[in-house]
Amino acid sequence: MSSYIRRLRESIGQDLILLPSVAVLPYDESGRILLVRQADTGRWGTIGGSVEVDEHPAESAVREAEEEAGVRVELVRLITALGGPQFRLTYPNGDQTSYVSLVYEARVIGGSPRPDHDETVEVGWFHPDEFADIELGDFARSSFTALGLL
């Protein structure tokens, strides 16, 4: 949790906050997407997170890929912006968040996929055809549904 969000939470507790965020979909040559298993829920999700204060969303996407999955990425394109009630989450600790997320397509240009063992506990490459067979988090499920991948 960033110091900015921590200060907000100290002021408002677990009440709903609106946050800008990014999701990164690194594709490989086979059309698979690199996903991460979230430490807090145990479910598979997209690489990504909140945009920090004064951070450009593209910089956030690159930073999150390295932090959460151990890979350096080159952003290929901005796919879409997502938001709405299906992107409202209540975390296991009770914090409520509504995300507006910029979704980027990317390719891995360095590093080796690995979890950070803080936010993520596993990484894996999955073809969109496999999404129905894995336990996806709510945000990832909503994202893939909106993108027509699920």
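# Briefing on a predicted single-chain model

V71 lies in strand 5, which covers residues 71–82, and the model in which it is described here is a predicted one. The chain holds three helices and eight strands, and their order along the sequence follows the pattern α-β-β-β-β-α-β-β-β-β-α. With a radius of gyration of 15 Å, close to the 15 Å that the globule rule gives for 150 residues, the chain is as compact as a globular protein of that length.

**V71 and its surroundings**

- V71 has a relative accessible area of 0% and is therefore buried, since buried means under 20%.
- Leaving aside residues up to four places away in sequence, V71 touches L34, A65, E66, V108, G110, G111, S112 and P113.
- Y27 is 44 residues from V71 along the chain, and the C-alpha atoms of V71 and Y27 are separated by 12 Å.

**Nonpolar cores**

- The largest nonpolar core contains 20 residues, and within this core L35, F131, I134, L136 and F144 touch the most other members.
- Two or more residues of this core come from each of strand 1 (17–27), strand 2 (33–38), strand 7 (96–111) and helix 3 (138–146), and strand 1 gives the most, with four residues.
- I134, one of the residues that touch the most other members of the largest core, is in contact with L35, W44, F126 and R141 when residues up to four places away in sequence are not counted.

**Overall dimensions and contacts**

- The C-alpha trace of the chain spans about 45 × 30 × 30 Å along its principal axes.
- Of the 150 residues in the chain, 43% are buried.
- When contacts between residues at least 6 apart in sequence are considered, 69% of them join residues that are at least 24 apart.

**Surface and charge**

- The chain exposes about 7,800 Å², and carbon and sulfur atoms supply 48% of this area.
- There are 13 positive and 25 negative side chains in the chain, and the centres of these two sets of charges lie 1 Å apart.

How values were computed. Residues are numbered from 1 along each chain as its sequence is written. This is a predicted model: local features need pLDDT of at least 70, side-chain atom pairs count only at pLDDT 80 or more; totals for chains, interfaces and linings use all residues. Side-chain values use heavy atoms; hydrogens and water are left out. A nonpolar core is a set of buried Ala, Val, Leu, Ile, Met, Phe, Trp, Tyr and Cys residues joined through side-chain atoms within 4.5 Å. Buried means under 20% relative accessible area, exposed over 50%, partly exposed in between (1.4 Å probe, protein chains only). Contact means heavy atoms within 4.5 Å. The radius of gyration is taken over C-alpha atoms; the globule rule is 2.2 Å times the number of residues to the power 0.38. Accessible areas come from the Shrake-Rupley method with a 1.4 Å probe; for residues, only the protein chains shown count as cover. Lys and Arg count as positive and Asp and Glu as negative; His and the chain ends are not counted. The place of a charge is taken as NZ of Lys, CZ of Arg, CG of Asp or CD of Glu.
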